[in-house]
Amino acid sequence: MSGHVRTSGTIRKLWPQEQTLFRDHLLRLDKASRAMRFAHGVSDAFIEDYARHMSDSGSTVFAYIEDGEVRATAELKKLGDVWGREAEAAFSVEAAFQDHGLGTELMGRVIRAARNRGVHLLYMSCLASNAKMQAIARKHEADLRFEMGEVVGEIVPQEPNYFSILAEAVEDRMGFMMAVLDLQRRVVKAA
């Protein structure tokens with residue numbers, strides 16, 4: 001289904017109350033996409049637990065949402081107990097939504113969020129066979145190196161400034177309004 005054209009979706013942060021949307025997306029990933037996301041095969045039970053803790057560690061999850069369903073995500077995870085010098089990025093895109101620039105767009109959001117949180121070094125790692133993730137990392141000027149069957153990318157975000165902070169704040173406000181509308185649609189649909 002590589003001919004899928006993105007027309008009506010939006011990219012926004014997921015709020016903690018939307019962990020079921022995140023979970024459902026991860027459960028829809030095919031076997032290969034799950035392995036690419038988690039660097040090995042994972043069970044449905046693992047995904048249930050992972051999604052349940054989506055915001056426990058202060059992670060920020062960006063999502064591409066189309067027709068009320070999350071179809072792609074990018075996570076910014078702090079390394080340590082507080083936002084500090086280093087953070088990690090992780091991505092997943094459902095097979096039918098790959099090759100349409102979603103990973104690149106989501107990576108840009110993650111880098112800006114890291115920048116605005118004072119992160120000095122953003123890591124991403126993927127299997128050596130994950131050429132798509134490596135291409136996205138290269139587009140964002142990541143320094144890539146091979147380590148024991150994986151590729152580790154490092155991105156040094158710029159310092160935050162008024163415009164980067166304002167852009168994230170405006171997107172958060174719009175994203176919140178979209179989340180309310182999505183919730184309203186789900187409630188009406190369920191009634």
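The legends below describe close-up views of one predicted model.

Residue numbers start from 1 along each chain as its sequence is written, and side-chain values use heavy atoms, with hydrogens and water left out. In this predicted model, local features need pLDDT of at least 70 and side-chain atom pairs count only at pLDDT 80 or more, while totals for chains, interfaces and linings use all residues.

**View 1. Strand E4 and its two partners.**
Strand E4 spans residues 86-93. Helices (H or I, at least four residues) and strands (E, at least two) are DSSP runs, numbered from the N terminus. Six of the eight residues of E4 are buried. Buried means under 20% relative accessible area, exposed over 50%, and partly exposed in between (1.4 Å probe, protein chains only). Strand E3 (residues 69-78) pairs with E4 over seven bridges, in the antiparallel sense. Two strands pair if DSSP finds at least two bridges between them. Across this pairing, Thr-73 stands opposite Ser-92 of E4. Strand E5 (residues 121-127) runs parallel to E4, joined by four bridges. Here Glu-88 stands opposite Tyr-123 of E5.

**View 2. Strands E5, E6 and E7.**
E5 and E7 run antiparallel, with six bridges between them. Tyr-123 has Glu-154 as its bridge partner in E7. Strand E6 (residues 143-147) is also antiparallel to E7, through five bridges. Arg-145 finds its bridge partner in Val-152 of E7. E6 and E7 form a hairpin, with two residues between them. Met-148 in the turn has a positive phi of about 45 degrees.

**View 3. The largest nonpolar core.**
This core has 29 residues. A nonpolar core is a set of buried Ala, Val, Leu, Ile, Met, Phe, Trp, Tyr and Cys residues joined through side-chain atoms within 4.5 Å. Phe-91, Met-107, Val-110 and Leu-122 have the most contacts inside it. Two or more residues each come from strand E2 (60-66), E3, E4, H4, E5, helix H5 (131-139) and strand E7 (150-155). H4 gives the largest share, seven residues. Val-110 touches Phe-62, Ala-74, Glu-75, Leu-76, Ala-89, Phe-91 and Leu-122, not counting residues up to four places away in sequence. Contact means heavy atoms within 4.5 Å. A second, separate core holds 15 residues, including Leu-29, Ile-47, Ala-63 and Val-70. In soluble globular proteins, nonpolar side chains tend to be buried together.

**View 4. The largest pocket.**
The space in this pocket is about 670 Å³. A pocket is found on a 1 Å grid over the protein atoms alone: it is an open set of points where a 1.4 Å probe fits, with protein on both sides within 12 Å along at least five of seven lines. Lining residues have an atom within 4 Å of a point. Grid points are joined across faces, edges and corners, and the volume is the space filled by probe spheres set on the points. Of the 33 lining residues, Met-36, Phe-91, Ser-92, Asn-130 and Met-133 are the closest to the centre. H2, E4, H4, E5 and H5 each supply at least two residues of the lining.

Ser-33 lies in helix H2 (residues 31-38). Its relative accessibility is 11%, so Ser-33 counts as buried. Leaving out residues up to four places away in sequence, Ser-33 touches Val-93, Ala-95 and Gln-98. Glu-18 sits in the loop between strand E1 (10-13) and helix H1 (19-28). Glu-18 is buried too, because its relative accessible area is 6%. Beyond its neighbours within four places in sequence, Glu-18 is in contact with Arg-12, Lys-13, Ala-179 and Arg-186.

Ala-39 lies in the loop between H2 and helix H3 (44-52). Ala-39 has a positive phi of about 70 degrees, although it is not a glycine. At 33% relative accessibility, Ala-39 is partly exposed. Asp-67 lies between E2 and E3, in the loop. Phi of Asp-67 is also positive, near 55 degrees. Asp-67 is exposed, at 66% relative accessible area. Val-82 belongs to the loop between E3 and E4. With a relative accessible area of 58%, Val-82 is exposed.
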